[in-house]
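Let's take a friendly look at the pockets of this model, and then at one strand and its neighbours.

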Amino acid sequence: MSSLARFRLEGRTALVTGAAGHLGSAMVDALAEAGAHVILNGRNLGRLEAQRDALIARGHAASLAPFDIMDAPARSGAMAKIARLDVLVNNAYTGRPGTIAMAEPEDFARAFESGVYAGFAILRESLPALRKAVAATGSAAVINIASMYGHVSPDPRLYGDSGLNSAPWYGAAKGGLLQLTRYLACHLAPERIRVNAISPGPFPRTEIGKQKSDFVERLAAKTPLGRIGEPQEMAGPLLFLASDASSYVTGINLPVDGGWTAW
């Protein structure tokens, strides 16, 4: 197999949670363009249907798994229908911006349930499907989407009165997800199920750039590369970890943050 061919995903199935989101959509496109059949997960059926139809119109393979990752019966029922799963991307997260003063117990509970436990539960429920992928191709890949704030604290000086403050529960949950990634990588390695993480940096949504341009400028200025990230810049790192190109890689975290955590 050529070096470039190792990045291809023809004949493989990938599930992306939070598929219609800002980064989720870009990751779905990357997997589909690499040849995977992509299963789109999320809570908004209308958005998922539009996303699926757009992929199919471009000649890609896509289907739907519309459920809330924190709805245990719906989650289990949907996962039981997936016969084989080569790539699992745990991207969905539910939470709000906030500060120390705003923090409530339910904020931490929601962040950890959606950002840590739900991803673990989906992986555990998909193990039979992941094992079928291993039997067919020799490996399966799980990719947890963490954050630069699982490593470093947000700089409060950047946020000011923007109302977009990265909350204390967010970074705590993402840090937990990174440790879970290492744990799962070690315990599933004998089964040839690779588990890795990606930690995106500053990828503010388009509407934030329009409404809070000064805030986005501060983010860009703090980044060594001097700019914010574009969603499609998640494609290369994702395909590396999802494909045979990373067949000897497990338990890592790959920062995609313009150098933010290298300061």
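The largest pocket is lined by 44 residues, and His 22, Tyr 93, Tyr 170, Phe 203 and Arg 205 lie nearest its centre. Helix H1 (22-33) is among the elements that give two or more residues to this lining, and H1 gives the most, with three residues. A pocket here is an open set of points on a 1 Å grid over the protein atoms alone, where a 1.4 Å probe fits, with protein on both sides within 12 Å along at least five of seven lines; lining residues have an atom within 4 Å of a point. Helices (H or I, at least four residues) and strands (E, at least two) are DSSP runs, numbered from the N terminus.

This is a predicted model: local features need pLDDT of at least 70, side-chain atom pairs count only at pLDDT 80 or more, and totals for chains, interfaces and linings use all residues. Residues are numbered from 1 along each chain as its sequence is written, and side-chain values use heavy atoms, without hydrogens and water.

| Pocket | Space | Lining |
|---|---|---|
| Largest pocket | About 1400 Å³ | 44 residues |
| Second largest pocket | About 250 Å³ | 15 residues |

Volume means the space filled by probe spheres set on the points, which are joined across faces, edges and corners.

Now to strand S6 (residues 193-200). Strand S5 (residues 140-145) pairs with S6 in the parallel sense over six bridges; pairing takes at least two DSSP bridges.
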